[in-house]
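Trainee: I'm new to this one and would like a close look at a single part of it. Could you walk me through it slowly?

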Amino acid sequence: MLDSRIEKDIRDLIPELIALRRDLHMHPELGNCELRTTERVRAFLDGHGVKAEYIDKENRLGLQYLLDSGKPGDTVLLRGDMDALPIQEPEGLSFRSQVPGVMHACGHDLNTCFVTGCAIALTKNRDLLKGKVKFIWQCAEEILQGAKNAIEKGVLDGIEPRFCFGFHGYSDNPAGKIGIRQGNCLAASDTLHITVKGRGGHAAAPHQTTDPVVISAHVILAIQTLAARYHRPWDPLVITIGMVHGGTACNITPESVELTGTMRTFDEELRAQLPALLKQTCRAQARAFGGDCEVRVEQLCPSIVVSQECFEAAGKALKEGIGEEHIAYPDYPTMGSEDFAFFTQRYPGMQIQVGTASDDPRSQGPFHDPAITFNEDSIYWGVMAGCSLAAGIC
Ligand SMILES: [Zn+2]
Ligand SMILES: [Zn+2]
């Protein structure tokens, strides 16, 4: 098990971490607006002798801290994210969000506490460590920008992490279970923008128009056929058109229709092929009916695919630190995405899935649901897992 001195320090810290989490929950901030959150965490760390620095010094956003044990060894990176979502929290909790229309519905208030607890407990016990531990409190994960920005601001400069670990709550597992997985874990996410062009006119005179609404129906179906028929079935691919915008009245055929969708992949080769394929497929459909099509793919973030070496090292450290009975091995990936992928693109790494469910059915539902609740026992287990990884691997 994890050294008893570290374990005791974690246990003693939990009431304060729960209070911090509730304070962050009451004052959620959207991506790139985490000024109060950054300041609150910085002051909390400072009160425990941990001197974190801003990632974005100019805007005082995000925090980083390098713990050097002074002994030779590897570097491990631990990252939590801090932003909230544009969701109205329903009434219920005593520490419900005080900000109208903003809520920590993805549990980043907890993720922040996992990494904060690790930084404090490991700093206090640095004599038990080898190597270095880099801590990152990242902004703007939900808009898939924060990780990229943090790397551009230099959070990886001067270090070469052997492994990077991104901490995230997970409602599929109860508190007390830490999930790790090898291979495909989180998908790449890209946005698809399609403009279907026709010729507008009177809805009662279709022979005088080129109807982009009907063409859009063909385009949407052709995309689904491409997703189902084109690629190797064992390389997952999801293309969902989530927005269809066109027209102003039932008796007017519009000039154009806008389709917007999301694409999820794991295989980089497939991901790279998609823009050209989609252009070809959508244009062929539109031209078959006398219209035309513009297709643009916006690349957002890569996938997280975990190497055997990283999986085995994390599994061993967790087994030693928290015990096999507290590890879960999810048997399928998620097609969801995480901008932590920008870290794992540079250095091997994985997401550490910290179980947040309790007996309350609301805690077992999907994240981003306004009704979600989180089991605060997960804070102890998240910090235990982070400390076990740092102490076991460095
Ligand atoms: Zn989220
Ligand atoms: Zn999240």
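Leaving aside its neighbours within four places in sequence, which residues is P86 in contact with?

Mentor: Before we start, this is a predicted model, so local features need pLDDT of at least 70 and side-chain atom pairs count only at pLDDT 80 or more, while totals for chains, interfaces and linings use all residues. Residues are numbered from 1 along each chain as its sequence is written, chains are lettered from A and ligands numbered from 1 in the order in which they are written, and side-chain values use heavy atoms, with hydrogens and water left out.

Now, your residue. Leaving aside its neighbours within four places in sequence, P86 is in contact with L30 and G101, where contact means heavy atoms within 4.5 Å. You'll find P86 in the loop between β3 (75-81) and α3 (108-124); helices (H or I, at least four residues) and strands (E, at least two) are DSSP runs, numbered from the N terminus. With 61% relative accessibility, P86 counts as exposed; the cut-offs are under 20% relative accessible area for buried, over 50% for exposed and partly exposed in between (1.4 Å probe, protein chains only).

N375 counts as buried because its relative accessibility is 16%. Its side chain reaches the backbone oxygen of A357 at 3.2 Å. Neighbours within four places in sequence aside, N375 is in contact with A175, T356, A357 and S358.

Let's step back to the whole chain. The domain assignment gives domain 1 (4-186 + 304-393) and domain 2 (188-301), with bounds that come from an automatic or database domain assignment. Fifteen is the count on one side of their contact: 15 residues come from domain 1 and 10 residues from domain 2. Taken over C-alpha atoms, the centres of domain 1 and domain 2 are 38 Å apart. Between them the two domains bury about 890 Å², 71% of it on carbon and sulfur atoms; buried area is the accessible area (1.4 Å probe) that two parts lose on being put together, summed over both. On the domain 1 side, L144, M335 and S337 supply 54% of the area buried against domain 2, more than any other three residues.

Note on methods:
Polar contact = N/O pair within 3.5 Å; in protein donor to acceptor, adjacent residues only side chain to side chain.
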